[in-house]
Amino acid sequence: MQYMLIMRADDDAVATYREIPFEQVIEAMGKYNESMMEAGVLIAGEGLSDASEGFVVDFSADPPLVTDGPYGETKELFNGFWILEVSSKEEAAEWASRCPLGPGAKLEVRRVTGPEDFPADNEWVQKEEGWREEQAARKAADAPGGVAG
Amino acid sequence: MTEPVMEPATGDDRARRADDSARRAVVAVWRIESARIVATLTRFTGDFALAEDLAQEALADALVQWPAQGAPRNGAAWLTAVAKRKAIDHWRRRERYDERLAAIAHDLERAEHEAADAVPWDPDAIDDDVLRLVLTACHPVLSPQARVALTLRVVAGLETAEIARAFLVPVATIQQRIVRAKQALAEACVPFETPARAERAQRLGAVLGVVYLIFTEGHAATAGDEWMRPDLAREAVRLARVLAALQPEEPEVHALLALLELTAARFPARVGADGEPVLLADQDRRRWDRAAIRRGRAALRRAEGFGRGLGPYGLQAAIAECHAVASDVASTDWARIVAAYDGLLQLSPSPIVALNRAVAVSMTEGPAAALAIVDALAGERALRTGHLLPSVRGELLARLGRDAEAREAFALAAERAQNARERAVLLARAAAGR
Amino acid sequence: MQFMLIMRDEDAAAVERRDAPFEAMLERMGRYNRAMADAGVLVSAQGLASPGTGIVVDFSADPPLVTDGPYGETKELCNGFWVIDVPSRDAAVEWASRAPLGPGTKLELRRVHGEEDLRR
């Protein structure tokens, strides 16, 4: 199962973070990322640029309204994320606890939904026009596992 | 089957749930640290089998103590220290100080060896205990089955019961397999070290083979009622990622990772509403895991980037990539797929590869040309008893409009299929004749 | 450059989404994802399981304190996201505006760090 680790930092934490030498931050995060790569659990991870650089698209208007600037307050923001593939919620929590973050910072850990969360007989799979044209006559083999796809 | 009855939670239930959650927390640490702990202990004791036993005993202690007394700050250090103490107790109990001395001497020797390796730069030296552990678990003196069991237990940190469940065999069978494997390693006096460069490529090949075997068992279960066991396949992908991090200079490691990611990307579309297998041509490609495809393609580019051409895993990954990037069967680059199969046949001729190539040929040259290839393969020993050849034959015959013959071929394939889900699909096609 | 589109729901929007026909929503999302995949801009898209099943790890304590979720209020939550790779900020705005979302829902767009940000 996959979990997303969402980095959240309040104003104080952001200010404290700015005082730490950049190289030191990069190194600590690099080591953390490397340990997760070596364990084969890290499948994606990105840092986000400063929130003031961001913008918001509001779907309450039609067409949606685009405004510059951060979304909400600092504590509502997130600054980066990791996606881990692990065998249990506890394993996700264990990795999250090892993250080199300090006071004021939190990690929100959420399970990423997969196909098991959706009804398997759902129709959207079959709807789009032209999608399934001609395919009835064409079964293909591929490796590994041969003809079954 | 009876419906479970919901009862109000009692104090006992709550305690059991708390216990269960504490237990899972210990197991989580174990999954992360087990390989490193066993590797460190093997170096400490000079005895892989003993190290594995001690680590398991330390885990058992943790399962009792952590829930009661709280988890230690550094779980890995705790487990390693407890296991080392157990090692010393073990030697003392057996009054074999000589062994202990030998082990300590071994440790010192290694430390010196490492110091020597550290300067200035030795391309042969890979200072990684985990890599040594993987190579030991996949050692050629072991049977493929033993390699798989040992790798899942010591490298992936799975419990014996989990491995047994994954392979649908009794727990005792896996236990026995692991005990025998450890005996075989001890009898062969397999040293805990990284082989020299010449031998390393071959040994690494064995490791990749084990990971591939674990994946294929999860990808297309050979027995049982379920068509796939994705957990097992995902464990294999994780192991491939571990290897790619350990051996970034080996193109075939990246190629294997690419193959597994690209194949696993199709999992969400491979199982139908009733758990039946959905053939590649019928899969809804919108359900494919785009992030996995991206990771797979990136790994394949890395493998190609070495400029040494692709090996067997790389060629299979290239085939998987052709499917991954095509929006449907018609727009798939079948010519590139046929070429990749040609390459595979050159590297390691196999009737199964030839059969798969025939299917690709049916897309470039039509079903008649493919049927000729398939019929020429009919005498091959590897295809004589399985369901693959008759099911491909049935497919091609159906496309040629030879419905009666197609029906016969599908019926034969259904008779030979081991997997219940697969058999059901083939029977349905035998009834339909197309 | 890459942008992350972060889905944010207000309470009312979350309720409305829950009540809306699930299949129709899935179909619209399926179309949207397919359009971005066809255009070659979609890097990844994931939904997140309900916030109540989440965990929060607080680094104000040492060792960090692990508690069961959710994190904060509804509008602070992220319920799904897309990462897209587009040539410009305008292209990101364009793709974001096409998302099949309704009243009470916002998309927060943030540029994803690239190599260039490491040379600060």
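**Stop 1: where chain A meets chain C**

Select chain A and chain C and look across their interface: 20 residue pairs are in polar contact there, both partners at pLDDT 80 or more. A polar contact here is a pair of N or O atoms within 3.5 Å, where within protein one must be able to donate a hydrogen and the other to accept it, and residues adjacent in sequence count only if both atoms are side-chain atoms. (Strands are DSSP runs of E, at least two residues, and helices are runs of H or I, at least four, numbered from the N terminus.)

Before going on, some ground rules. This is a predicted model in which local features need pLDDT of at least 70 and side-chain atom pairs count only at pLDDT 80 or more, while totals for chains, interfaces and linings use all residues. Residues are numbered from 1 along each chain as its sequence is written, chains are lettered from A in the order in which they are written, and side-chain values use heavy atoms, with hydrogens and water left out.

Pick out Phe55(A), Phe59(A) and Arg110(A), which supply 15% of the area that chain A buries against chain C, more than any other three residues. Buried area is the accessible area (1.4 Å probe) that two parts lose on being put together, summed over both; for this pair of chains the figure is about 5300 Å², 58% of it from carbon and sulfur atoms.

The chain A and chain C count is 3 salt bridges, each a side-chain nitrogen of Lys or Arg within 4 Å of a carboxyl oxygen of Asp or Glu.

**Stop 2: chain B against chain C**

Here 6 residues from chain B and 10 residues from chain C make the contact, burying about 710 Å². Select Arg73(B), Arg286(B) and Arg294(B): together they account for 61% of what the chain B side buries. Arg294(B) also forms a salt bridge with Asp85(C) (4.0 Å, N to O).

**Stop 3: chain B by itself**

Colour by secondary structure and you get 21 helices and 0 strands.

Notes: Contact means heavy atoms within 4.5 Å.
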